[in-house]
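Student: I'd like to walk through this model with you, one question at a time. Please start with the ground rules.

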Amino acid sequence: MSIRMIAHRGYSGAFPGNTELAFREAVKHGSAGAETDIRRTLDGFYVACHDDEARFADGTALPVAASTLAALTAKPLKNDRTDDEVFLCTLERYLEVMRGGDMVCFIELKGPFTDEQVREVFTIAADVYDLKKCILQSFSFDNLLRARAMFPSLPLMWTYGLAEDHYERCFEHGFSIDADRLVVTEQMVRDFHERGLEVGVWTVNDAAELARVSALGVDYIESDVFGG
(Lines give C-alpha, C1' and ligand atoms only; values in the text may rest on other atoms or scores of the structure.)
Protein backbone atom coordinates (compact mmCIF):
# COMPACT_ATOMS: atom_id res chain seq x y z
CA MET A 1 0.00 0.00 0.00
CA SER A 2 1.28 3.47 -0.83
CA ILE A 3 2.10 6.01 1.84
CA ARG A 4 -0.95 7.92 3.02
CA MET A 5 -0.51 11.64 3.64
CA ILE A 6 -2.28 12.89 6.76
CA ALA A 7 -3.05 16.59 7.11
CA HIS A 8 -1.66 17.64 10.48
CA ARG A 9 -4.46 19.45 12.34
CA GLY A 10 -6.10 19.69 8.94
CA TYR A 11 -4.44 21.70 6.18
CA SER A 12 -2.76 23.82 8.83
CA GLY A 13 0.01 25.14 6.61
CA ALA A 14 -2.49 27.48 4.96
CA PHE A 15 -5.49 27.55 7.31
CA PRO A 16 -5.98 27.78 11.09
CA GLY A 17 -5.24 24.34 12.49
CA ASN A 18 -7.83 22.15 14.18
CA THR A 19 -10.73 24.13 12.71
CA GLU A 20 -13.51 22.97 10.46
CA LEU A 21 -12.03 25.15 7.72
CA ALA A 22 -8.67 23.36 7.93
CA PHE A 23 -10.35 19.97 7.86
CA ARG A 24 -12.50 20.86 4.84
CA GLU A 25 -9.48 22.23 3.02
CA ALA A 26 -7.55 19.02 3.77
CA VAL A 27 -10.22 17.12 1.83
CA LYS A 28 -9.78 19.49 -1.12
CA HIS A 29 -6.00 19.29 -0.84
CA GLY A 30 -6.09 15.57 -1.60
CA SER A 31 -4.88 14.28 1.75
CA ALA A 32 -5.76 10.72 2.68
CA GLY A 33 -6.74 11.80 6.16
CA ALA A 34 -6.45 14.44 8.83
CA GLU A 35 -5.13 14.46 12.38
CA THR A 36 -6.74 16.32 15.24
CA ASP A 37 -6.17 16.82 18.97
CA ILE A 38 -9.12 16.19 21.27
CA ARG A 39 -9.86 17.73 24.67
CA ARG A 40 -12.92 17.50 26.90
CA THR A 41 -14.87 20.57 27.99
CA LEU A 42 -16.22 21.18 31.46
CA ASP A 43 -19.70 20.04 30.39
CA GLY A 44 -18.53 16.87 28.70
CA PHE A 45 -18.13 17.77 25.02
CA TYR A 46 -15.06 16.88 22.96
CA VAL A 47 -13.41 19.60 20.89
CA ALA A 48 -10.44 19.92 18.56
CA CYS A 49 -7.76 21.90 20.38
CA HIS A 50 -4.03 21.23 20.65
CA ASP A 51 -3.27 23.45 23.65
CA ASP A 52 -5.03 23.41 26.99
CA GLU A 53 -6.42 26.87 26.25
CA ALA A 54 -8.54 28.12 23.35
CA ARG A 55 -7.25 31.49 22.13
CA PHE A 56 -9.66 33.98 20.63
CA ALA A 57 -9.51 36.75 18.06
CA ASP A 58 -10.04 39.40 20.74
CA GLY A 59 -6.84 38.36 22.55
CA THR A 60 -8.52 36.45 25.36
CA ALA A 61 -8.24 32.75 26.17
CA LEU A 62 -10.19 30.11 28.06
CA PRO A 63 -8.99 26.81 29.53
CA VAL A 64 -10.83 24.06 27.67
CA ALA A 65 -11.24 21.70 30.63
CA ALA A 66 -12.70 24.42 32.85
CA SER A 67 -15.05 26.00 30.28
CA THR A 68 -18.37 25.03 28.76
CA LEU A 69 -18.83 24.41 25.07
CA ALA A 70 -21.13 27.44 24.89
CA ALA A 71 -18.42 29.69 26.32
CA LEU A 72 -15.74 28.21 24.08
CA THR A 73 -17.78 28.71 20.91
CA ALA A 74 -19.24 32.13 21.78
CA LYS A 75 -16.57 34.04 19.86
CA PRO A 76 -14.16 33.40 16.99
CA LEU A 77 -10.74 31.87 17.47
CA LYS A 78 -7.47 33.63 16.81
CA ASN A 79 -6.63 33.19 13.12
CA ASP A 80 -3.22 34.21 11.81
CA ARG A 81 -3.63 32.31 8.55
CA THR A 82 -6.62 33.79 6.73
CA ASP A 83 -9.29 36.46 7.02
CA ASP A 84 -11.96 33.85 7.83
CA GLU A 85 -13.88 33.87 11.08
CA VAL A 86 -13.41 30.43 12.63
CA PHE A 87 -14.79 28.80 15.75
CA LEU A 88 -13.82 25.87 17.93
CA CYS A 89 -14.65 22.60 16.16
CA THR A 90 -16.34 19.70 17.94
CA LEU A 91 -15.26 16.09 17.52
CA GLU A 92 -18.60 15.37 15.86
CA ARG A 93 -18.11 18.06 13.24
CA TYR A 94 -14.54 16.93 12.51
CA LEU A 95 -15.85 13.39 11.95
CA GLU A 96 -18.63 14.63 9.68
CA VAL A 97 -16.12 16.43 7.48
CA MET A 98 -13.87 13.37 7.42
CA ARG A 99 -16.80 11.14 6.53
CA GLY A 100 -17.66 13.41 3.61
CA GLY A 101 -14.16 13.01 2.22
CA ASP A 102 -13.77 9.29 3.08
CA MET A 103 -10.72 10.28 5.13
CA VAL A 104 -8.57 8.44 7.65
CA CYS A 105 -8.94 10.00 11.11
CA PHE A 106 -5.98 10.35 13.47
CA ILE A 107 -7.63 11.28 16.79
CA GLU A 108 -5.08 12.22 19.44
CA LEU A 109 -6.25 12.32 23.05
CA LYS A 110 -4.55 15.23 24.83
CA GLY A 111 -3.92 14.66 28.51
CA PRO A 112 -5.26 11.85 30.70
CA PHE A 113 -8.65 10.34 29.84
CA THR A 114 -10.76 8.12 32.08
CA ASP A 115 -12.21 4.81 30.92
CA GLU A 116 -15.58 6.48 30.50
CA GLN A 117 -14.12 9.31 28.43
CA VAL A 118 -12.22 6.93 26.16
CA ARG A 119 -15.41 4.98 25.63
CA GLU A 120 -17.29 8.20 24.85
CA VAL A 121 -14.80 9.16 22.15
CA PHE A 122 -15.09 5.74 20.52
CA THR A 123 -18.87 5.86 20.75
CA ILE A 124 -18.98 9.24 19.02
CA ALA A 125 -16.62 8.02 16.29
CA ALA A 126 -18.76 4.94 15.72
CA ASP A 127 -22.01 6.90 15.67
CA VAL A 128 -20.81 9.65 13.31
CA TYR A 129 -18.35 7.81 11.05
CA ASP A 130 -16.68 4.38 11.06
CA LEU A 131 -14.29 3.02 13.67
CA LYS A 132 -12.34 1.25 10.93
CA LYS A 133 -11.42 4.68 9.55
CA CYS A 134 -10.40 6.07 12.96
CA ILE A 135 -7.04 5.54 14.67
CA LEU A 136 -6.92 6.64 18.30
CA GLN A 137 -3.58 8.12 19.36
CA SER A 138 -2.00 9.50 22.52
CA PHE A 139 1.33 10.36 24.10
CA SER A 140 -0.19 8.77 27.21
CA PHE A 141 0.43 5.04 27.16
CA ASP A 142 -2.19 4.68 29.89
CA ASN A 143 -4.85 6.17 27.59
CA LEU A 144 -4.01 3.52 25.02
CA LEU A 145 -4.07 0.71 27.59
CA ARG A 146 -7.55 1.80 28.63
CA ALA A 147 -8.67 1.82 25.04
CA ARG A 148 -7.13 -1.59 24.32
CA ALA A 149 -8.90 -3.16 27.30
CA MET A 150 -12.26 -1.95 25.99
CA PHE A 151 -11.62 -2.34 22.27
CA PRO A 152 -9.18 -5.24 21.77
CA SER A 153 -9.38 -5.32 17.97
CA LEU A 154 -9.35 -1.63 17.02
CA PRO A 155 -6.25 0.24 15.76
CA LEU A 156 -4.35 2.24 18.36
CA MET A 157 -1.19 4.28 17.90
CA TRP A 158 1.36 5.58 20.40
CA THR A 159 2.41 9.16 19.69
CA TYR A 160 6.16 8.89 20.09
CA GLY A 161 8.41 11.92 20.57
CA LEU A 162 11.99 12.82 21.33
CA ALA A 163 11.53 12.24 25.06
CA GLU A 164 10.11 8.73 24.63
CA ASP A 165 12.01 5.43 24.69
CA HIS A 166 11.46 1.70 24.53
CA TYR A 167 9.03 1.67 21.63
CA GLU A 168 9.14 -2.13 21.94
CA ARG A 169 6.54 -1.83 24.71
CA CYS A 170 3.99 -1.32 21.92
CA PHE A 171 4.39 -4.88 20.68
CA GLU A 172 2.85 -6.60 23.72
CA HIS A 173 -0.35 -4.61 23.26
CA GLY A 174 -0.51 -4.42 19.47
CA PHE A 175 0.00 -0.65 19.30
CA SER A 176 1.22 0.94 16.10
CA ILE A 177 3.37 4.07 16.36
CA ASP A 178 3.28 7.68 15.19
CA ALA A 179 6.87 8.84 15.60
CA ASP A 180 8.58 12.20 15.48
CA ARG A 181 10.44 12.50 12.18
CA LEU A 182 13.68 13.00 14.15
CA VAL A 183 13.51 9.58 15.80
CA VAL A 184 12.02 7.30 13.15
CA THR A 185 14.52 4.78 11.77
CA GLU A 186 14.60 1.98 9.25
CA GLN A 187 14.94 -0.50 12.11
CA MET A 188 11.86 0.92 13.84
CA VAL A 189 9.82 0.58 10.68
CA ARG A 190 11.02 -2.98 10.21
CA ASP A 191 10.24 -3.92 13.81
CA PHE A 192 6.64 -2.73 13.53
CA HIS A 193 6.01 -4.13 10.08
CA GLU A 194 7.30 -7.56 11.10
CA ARG A 195 4.50 -7.62 13.68
CA GLY A 196 1.82 -6.42 11.30
CA LEU A 197 1.76 -2.95 12.87
CA GLU A 198 1.88 0.44 11.17
CA VAL A 199 4.22 3.41 11.36
CA GLY A 200 3.28 7.06 11.02
CA VAL A 201 5.66 10.01 11.09
CA TRP A 202 5.09 13.63 12.17
CA THR A 203 5.44 16.43 11.14
CA VAL A 204 7.15 16.56 7.72
CA ASN A 205 7.11 19.90 5.88
CA ASP A 206 10.39 19.81 3.95
CA ALA A 207 10.71 18.15 0.53
CA ALA A 208 14.07 16.54 1.30
CA GLU A 209 12.77 15.21 4.61
CA LEU A 210 9.65 13.92 2.87
CA ALA A 211 11.84 11.94 0.47
CA ARG A 212 13.98 10.56 3.30
CA VAL A 213 11.05 9.44 5.41
CA SER A 214 9.20 8.01 2.42
CA ALA A 215 12.23 5.87 1.60
CA LEU A 216 11.94 4.21 5.01
CA GLY A 217 8.66 2.63 3.92
CA VAL A 218 6.40 4.21 6.54
CA ASP A 219 2.63 3.91 6.25
CA TYR A 220 1.57 7.47 7.07
CA ILE A 221 3.22 10.88 6.93
CA GLU A 222 1.68 13.84 8.74
CA SER A 223 2.29 17.21 7.16
CA ASP A 224 1.09 20.79 7.39
CA VAL A 225 1.73 21.39 3.69
CA PHE A 226 1.96 18.19 1.63
CA GLY A 227 -1.20 16.51 0.34
CA GLY A 228 -1.75 13.24 -1.46
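Tutor: Buried means under 20% relative accessible area, exposed means over 50%, and partly exposed covers what is in between (1.4 Å probe, protein chains only). This is a predicted model, in which local features need pLDDT of at least 70 and side-chain atom pairs count only at pLDDT 80 or more, while totals for chains, interfaces and linings use all residues. Residues are numbered from 1 along each chain as its sequence is written, and side-chain values use heavy atoms, with hydrogens and water left out.

Student: Thanks! Why does Glu20 count as partly exposed?

Tutor: Partly exposed is the class between the buried and exposed cut-offs. Glu20 falls into that class because its relative accessibility is 26%.

Student: Which residue does Glu20 meet in a salt bridge?

Tutor: A salt bridge is a side-chain nitrogen of Lys or Arg within 4 Å of a carboxyl oxygen of Asp or Glu. For Glu20, the N to O distance to its partner is 3.0 Å. The pair links distant parts of the chain, 73 residues apart, with Glu20 in helix 1 (residues 20-29) and the other residue in helix 3 (residues 91-101). That partner is Arg93.

Student: How many residues apart in sequence are the parts tied together by Asp115 and Arg146?

Tutor: Helices (H or I, at least four residues) and strands (E, at least two) are DSSP runs, numbered from the N terminus. Asp115 and Arg146 form a salt bridge, with their closest N and O atoms 3.4 Å apart. Asp115 lies in helix 4 and Arg146 in helix 5 (residues 141-150), so the separation that the pair spans is 31 residues.

Student: In the salt bridge of Arg212 with Glu209, how far apart are the closest N and O atoms?

Tutor: Both residues lie in helix 8, three residues apart, which is about one turn of the helix. Arg212 is partly exposed at 35% relative accessible area, whereas Glu209 is buried at 15%. Their closest N and O atoms are separated by 2.9 Å.

Student: Which side chain of opposite charge is nearest to Asp180?

Tutor: Lys and Arg count as positive and Asp and Glu as negative, while His and the chain ends are not counted. Asp180 sits in strand 10 (residues 176-180). It is buried yet has no salt bridge; 5.1 Å away is the nearest side chain of opposite charge, Arg181.

Student: Which residue's backbone nitrogen does the side chain of Asp180 reach?

Tutor: A polar contact is a pair of N or O atoms within 3.5 Å; within protein, one must be able to donate a hydrogen and the other to accept it, and residues adjacent in sequence count only if both atoms are side-chain atoms. The Asp180 side chain comes within 2.8 Å of a backbone nitrogen, that of Leu182.

Student: Now Asp219, please: which backbone nitrogen does its side chain reach?

Tutor: Asp219 lies in the loop between helix 8 (207-215) and strand 12 (220-223). Its contacts (heavy atoms within 4.5 Å), leaving aside neighbours within four places in sequence, include Ser2, Ile3 and His193. At 2.7 Å, the Asp219 side chain reaches the backbone nitrogen of Val199.

Student: Which residues does a cis peptide bond join?

Tutor: Most residues other than glycine have a negative phi, and most peptide bonds are trans. In this model there is a cis bond with omega of about -25°, and the residues it joins are Trp202 and Thr203.

Student: What is the phi of Asn18?

Tutor: Asn18 is in the loop between strand 1 (4-7) and helix 1. Asn18 counts as buried because its relative accessibility is 5%. Although it is not a glycine, its phi is positive, at about 60°.

Student: And what is the phi of His166?

Tutor: His166 lies in the loop between strand 9 (156-160) and helix 6 (169-173). His166 is exposed, with a relative accessible area of 54%. It too is a residue other than glycine with a positive phi, near 55°.
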